[in-house]
Structure formats: C-alpha cells, structure tokens
Amino acid sequence: MIITQKYFLHFPVCETNTPIVYKLVKDFDLEVNIFRARVTSEGEGYLVLDVKGEAGSITKAMEYIASFGVTISSVKKGVVRDENLCNHCGNCISHCKVGALHIGDMKTRKVVFDDKLCIACGKCVDNCPMKACSTVF
Ligand code: SF4
Ligand code: SF4
C-alpha cells in the first residue's frame, strides 16, 4: 500500500553530511519532498519532509536513518504563535534550535517569530507557558 508520511528528523552533528535523502530515493524507492532543512551554528541538522512509498519501505527507511542516531518524529504540520497570548517571557527561545523564535529588538526585548525559519519541531508548543504557540492542521 502506498502511503505518504511527514517526518521531522534531527541529525546529530556527526551525521549532517550523510546523504540521507539520496539513500531514501535510491535504496528504498521513495518519493521525498523536503519542506524545511537547516543546519544550526552548532552543526546539528534538521529536516522536515514528506515521504511517499510502500508502507514497508518507509518503515525500513526510517529504521535505516535511525541507525545513524537520527531522531525521527512525526511532524506537527505547522506552528503559529498567537501575538495576543505571548507575554514575551522568552522561554521558547532556548527550545527553538533554528532561531525562528528570537529577540527581535534588544531595546524592547520582544520575542518575534519568523515562520520561514520554523521547522515545525513543536518544541515551543510544548514549552510555552502561555499556550501562545500551537500547531495547525
Ligand atoms: S514562551 Fe510563549 S509566551 Fe513566552 S515568549 Fe515564547 S511564545 Fe511568547
Ligand atoms: S516549532 Fe517552535 S521551536 Fe520548533 S522551529 Fe518552529 S518556532 Fe522553533
């Protein structure tokens, strides 16, 4: 049975150069659509992608990827922040590894959200005390 599954992959520093997507296509006969890809200044990699193919092949492919120490989770489809709920406490900043949530102005210390950088890992959703961040389905 052909299925499509969305995944969030977190690569440890040592595996950011592994040609994972090439392997998924060539060795597991999968179609891969990349939504977001980022490498942090610390060298960690983040990848958000859709994978389409036989369910068994997807399972084997994810087992292969996990064998490199890559953390795999299903993706929350998108993340938004409600400006009215956010009190700019800054708690989310340390959880946002790609800098999508950051201090926009050092004078006001207001936290801004850049959705173009967001990789939908969901960490801010889990760690915002005001429930200002939420997933969109
Ligand atoms: S943790 Fe929540 S309330 Fe605090 S700055 Fe981030 S989004 Fe705003
Ligand atoms: S979901 Fe939240 S923590 Fe994750 S990248 Fe997007 S803004 Fe940052």
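The shell of residues around ligand 2 divides into 11 nonpolar, two polar and one charged residue. In total, 14 residues surround this ligand, and the closest are Cys96, Ala100, Cys118, Cys121 and Cys124.

The mean pLDDT of the chain is 88, and 94% of its residues reach 70 or more. Among the elements of the chain, the lowest mean pLDDT, 84, belongs to strand E4, which covers residues 71-74, whereas the highest, 96, belongs to strand E7 at residues 110-113. Where pLDDT is low, predicted coordinates should not be read in detail.

**Overall architecture**

Three helices and eight strands make up the elements of the chain, and along the sequence they follow the pattern β-α-β-β-α-β-β-β-β-α-β. Taken along the principal axes, the C-alpha atoms fill a box of roughly 50 × 30 × 20 Å. Of the 137 residues in the chain, 25% are buried.

Four strands form an open sheet in the order E2-E3-E1-E4, and their pairing is antiparallel. Strand E2 (31-39) and strand E4 stand at the edges with a single partner strand each, so one side of each is left without a neighbour in the sheet. On average, neighbouring strands of this sheet are turned by 25° against each other, direction ignored.

Within this sheet, E2 pairs with strand E3 (residues 45-54) in the antiparallel sense over eight bridges; Glu31 stands opposite Lys52 in E3. Two helices can be described in relation to these strands. Helix H1, formed by residues 20-28, lies across E2 and E3 and runs at about 165° to E2. Helix H2, formed by residues 55-66, packs on the sheet, where it touches strand E1 (2-11), E3 and E4, and its direction makes about 155° with that of E3.

| Helix | Residues | Strands | Angle |
|---|---|---|---|
| H1 | residues 20-28 | lies across E2 and E3 | about 165° to E2 |
| H2 | residues 55-66 | touches E1, E3 and E4 | about 155° with E3 |

For a reader turning to the edges of the sheet, strand E4 is thus both an edge strand with a single partner and the element with the lowest mean pLDDT, 84.

Note on methods:
Residues numbered from 1 in each chain as written. Chains lettered and ligands numbered in written order. Predicted model: local features only at pLDDT ≥ 70, side-chain atom pairs only at ≥ 80, totals over all residues. Near = placed C-beta within 6 Å. Nonpolar A, V, L, I, M, F, W, Y, C, P; charged D, E, K, R; others polar. pLDDT = per-residue confidence, 0-100. Buried ≥ 20, exposed ≤ 12 C-beta atoms within 10 Å, placed from the backbone. Pairing = 2+ DSSP bridges. Axes fitted to C-alpha atoms, helices over the stretch in contact; angles between N-to-C directions. Contact = placed C-beta atoms within 7 Å.
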